[in-house]
Amino acid sequence: NKDNPYINLINPSENSVYLSFDVIYNGKSLYKTDLIEPGKMEQYDVYSCLNAGEQTIYYSIDVYDLIDQRLLWTGIQQEQKLVIKKYRFVISFNNQ
């Protein structure tokens, strides 16, 4: 919702690799991170780019070596269902 519009793209501190996330909706990339080091995260605002209702996004995750940043694995996919709530209020005053 508007008060919590972000998804967290986290590389857990236990990892010994960099991660890069590509947030995908309807086959299109919405956002791609740079390399995220272990124990760090990036946030992405999905509220502003998705319509209200239940939406399915996918993460395509690439894994890189910590030392030379060599690509180790590519395209690991994870699905997430989100419920986007957007409220619109209209107030009308009828002055007679």
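I started at F21, which lies in strand β2. The model I am reading is a predicted one. I looked up the accessibility of F21 and found 7% relative accessible area, so F21 counts as buried, the cut-off being under 20%.

Next I listed the neighbours of F21, leaving aside those within four places in sequence. F21 is in contact with L9, I10, Y31, K32, T33, I36, Y59, S60 and I61.

**Core**

I then looked at the largest nonpolar core, which has 16 residues. Which of its members touch the most other members? I noted I7, L9, F21, I57 and Y59. Strands β1 (6-11), β2 (17-25) and β5 (53-65) each supply at least two residues of this core. The largest share comes from β2, with 5 residues.

Not counting residues up to four places away in sequence, I7 touches V23, E42, Q43, Y44, V46, I57, Y59 and L82. Two of these contacts, I57 and Y59, are also on the list of core members that touch the most others.

**Aromatic pairs**

I looked for ring pairs and the count came to 2. One is F21 with Y59, an edge-to-face pair at 6.4 Å centre to centre and 85° between the planes. F21 is in strand β2 and Y59 in strand β5, so this pair ties together parts that are 38 residues apart in sequence. I checked burial for F21 and Y59, and both are buried.

For Y31 and Y44 I noted ring centres 4.7 Å apart and planes at 15°, so this pair is stacked, the limit being under 30 degrees. Y31 belongs to strand β3 (residues 28-32) and Y44 to strand β4 (residues 40-45), so the pair links parts that are 13 residues apart in sequence.

Are Y31 and Y44 buried or partly exposed? Y31 counts as partly exposed because its relative accessibility is 24%. Y44 has a relative accessible area of 12% and is therefore buried. I went back to the contact lists: Y31 is among the contacts of F21, and Y44 is among those of I7.

**Surface**

Last, I looked up a nonpolar surface patch. L72, W73 and I76 make a patch of about 290 Å². I placed I76 in strand β6 (residues 71-84). Its relative accessible area is 40%, so I76 is partly exposed.

How values were computed:
Residues numbered from 1 in each chain as written. Predicted model: local features only at pLDDT ≥ 70, side-chain atom pairs only at ≥ 80, totals over all residues. Heavy atoms only, no water. Patch = residues over 30% accessible without salt bridge, like charges linked within 9 Å, V, L, I, M, F, W, Y side chains within 5 Å. Areas by Shrake-Rupley, 256 points an atom, 1.4 Å probe, with all protein chains shown as cover. Salt bridge = Lys/Arg side-chain N within 4 Å of Asp/Glu carboxyl O. Helix = DSSP H or I, 4+ residues; strand = E, 2+ residues; numbered from the N terminus. Buried < 20%, exposed > 50% of the residue type's maximum accessible area, 1.4 Å probe, protein only. Core = buried A, V, L, I, M, F, W, Y, C linked by side-chain atoms within 4.5 Å. Contact = heavy atoms within 4.5 Å. Phe/Tyr/Trp six-rings, centres within 6.5 Å; stacked < 30°, edge-to-face > 60°.
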